[in-house]
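Please read them with the structure open.

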Amino acid sequence: MNQKFVNSVFILLASIFILLQSCGESTENTKTDDGAIDELFDDASLEDIPGDNLTFYLIPSPKDMFDFTNDENLPYSLEVLNPVENADKYIDTKTQELGFGIYSADLAYTAAFAKTKDAIKYLSVVRDLSDKIGISSVFDESLVQRFDNVEDSKDSLMSVTNDTYFDIVKHLELNDRKSSLALISAGGWLESLYIVVNLIDEYKEDDKTIQLIADQKNIFENLILYLEQNKDDENIKKIIEDLKPIQKIYNGLEEVDIENATKPEVAAGQIIIGGARKIVITKEQFANLKQIISEIRNKLTGNNV
Amino acid sequence: MKIMKMKILILMLAFALPYTASAQCTKKLDFHRLRVKQPWAYNNLSKSATCTSGNQYEFVLTLTKGKDYRIQFFAASVFNNTMNFKIIDMSTQKTVMDLPGNIYEPGAGKQVLTDYFDEDRGKMIHPYFDFFPASTAKLKIIIDIPVAKQEIEASDSYQAPEQKNRGCLTVLVLDKPASGGW
């Protein structure tokens, strides 16, 4: 009787497993010319599995921040990057995962300026850290070869860097490493903002990059809410505390109506969003933000500046 | 002893199942990413998540001035496209989109999930929604997935049971430099 029961349960579980595998791999798809596809994964058999996240706070990658740098003629400077030697100082999970995010942003910055030699140097650090945080499988031979063969062009380097970032996120999500992903995102965002604020020598009221930094208030709010979803993790709790002074400055930024807001001319079918209000950062607030961000970033990276 | 082993095995599988589902969704996102065509580029704000009918999901994201954005949605066919999509511009608190996943006669800007035939282009198109941020704006996408009623003839004395489905829901975000510049 017992043996029969065990056999039945085994067959049932094996069937569920095979069903899940087959749903993922071989269901026939209906594809349109536009590249759309009917989702491959269907599962009507799973009910009441707890743990569904109902709100997703989406954080941009460092690449999005640096997309604007070339337009604004911001200078390229190795001095604003975290020195590669610092990587040896990261010996615990928090500093290694944060460091991984920080160096990923540095890599994205070198790629945005098509500095292949520097990018390869930073890729090497990112790769070493990936080994320490258990995601080295992302850096397989084909990816390393792509970096070796990369042309000296922004598009080529950006494409490989962006694919790498996607693969890292994918790997962490596949392995349900939510807090690692949250720490890496925090490190990436902090370093991206640190780089941009430190490339600006002088505050100008209507400068696009200054506005971009003020607009980071929205992204920072999302980042904090995202971190708070994972605050059961001690390292996340600590980083939320670390970022509090930045939160204080961003909370102090005012949102004002845009004077003489005119309806922009857009392509057919485009939906206009925003445009009525904008976030304003004053000269003093910018100086404070620059100082606070530098302090936090240098503390977290182990830079004695 | 054997029963104890079985319990452990069942427990392990119960934990493994949601992760397997989540892994499948991540692979779906990769699938769509690799099919993005120029001039659009994949944006890392994209997300694919495991969702269950009977729930309302929210995706909060910031679209930056200086770029044009295109958002597309994909849902597992187990949901039968019966869900509702709402997008709120948080900077103005205005609802900028409120559409069902599916309608009887699909067309551009009428539904979110069902492909339609585009006369001008002469091909099937998956619905897409283009956004122009006149200033950097935060969007909240609200996706409501109702619980499906099982297709059993209902009578006065019998209520059809509700059926909960589970599958992937993908929010695909693409971008390109704004055609009108900053």
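1. Helices here are DSSP runs of H or I with at least four residues, and they are numbered from the N terminus. The model is predicted.

2. Overall make-up of chain A. Chain A has ten helices and five strands. Of its 305 residues, 52% are buried. Take the contacts in chain A between residues at least 6 apart in sequence: 73% of them join residues at least 24 apart.

3. A pair within one helix. Glu234(A) and Lys237(A) form a salt bridge, with 3.2 Å between the closest N and O atoms. Both residues belong to helix α9 (residues 234-251) of chain A. They sit three residues apart, so about one helical turn separates them. Glu234(A) is partly exposed, at 47% relative accessibility. Lys237(A) is also partly exposed, with a relative accessible area of 41%.

4. A pair between strands. Asp257(A) and Arg277(A) form a salt bridge, and their closest N and O atoms are 2.6 Å apart. Arg277(A) is in strand β5 (residues 277-280) of chain A, while Asp257(A) is in strand β3 (residues 254-257) of chain A. The bridge therefore ties together parts that are 20 residues apart in sequence. Arg277(A) is partly exposed, with a relative accessible area of 31%. Asp257(A) counts as exposed because its relative accessibility is 54%, and the cut-off for exposed is over 50%.

5. A network. Which residues do salt bridges with shared partners join into one network? They are Arg146(A), Asp163(A), Lys170(A), Asp30(B) and Arg33(B).

6. A bridge between chains. Over all chains, the structure holds 21 salt bridges. One of them pairs the side chains of Glu221(A) and Lys138(B), at 2.9 Å from N to O. Glu221(A) lies in helix α8 (residues 208-228) of chain A. Lys138(B) lies in strand β10 (residues 137-144) of chain B, so this pair joins two chains. Lys138(B) is buried, with a relative accessible area of 10%.

7. Thr64(B) is placed in the loop between β3 (56-63) and β4 (67-75) of chain B. Its relative accessibility is 13%, so Thr64(B) counts as buried; the cut-off is under 20%. What does Thr64(B) touch, leaving aside its neighbours within four places in sequence? In chain A, Thr64(B) is in contact with Phe68(A) and Leu212(A). In chain B, Thr64(B) is in contact with Tyr69(B), Pro133(B) and Thr136(B).

8. A charged patch. Glu85(A), Asp88(A), Asp128(A) and Asp131(A) form a patch of negative charge on the surface. Asp128(A), one of this group, is in helix α4 (residues 116-132) of chain A. Asp128(A) is partly exposed, with a relative accessible area of 49%.

Terms used:
Residues numbered from 1 in each chain as written. Chains lettered and ligands numbered in written order. Predicted model: local features only at pLDDT ≥ 70, side-chain atom pairs only at ≥ 80, totals over all residues. Heavy atoms only, no water. Buried < 20%, exposed > 50% of the residue type's maximum accessible area, 1.4 Å probe, protein only. Contact = heavy atoms within 4.5 Å. Patch = residues over 30% accessible without salt bridge, like charges linked within 9 Å, V, L, I, M, F, W, Y side chains within 5 Å. Areas by Shrake-Rupley, 256 points an atom, 1.4 Å probe, with all protein chains shown as cover. Salt bridge = Lys/Arg side-chain N within 4 Å of Asp/Glu carboxyl O. Lys, Arg positive; Asp, Glu negative; His and termini not counted. Charge placed at Lys NZ, Arg CZ, Asp CG, Glu CD.
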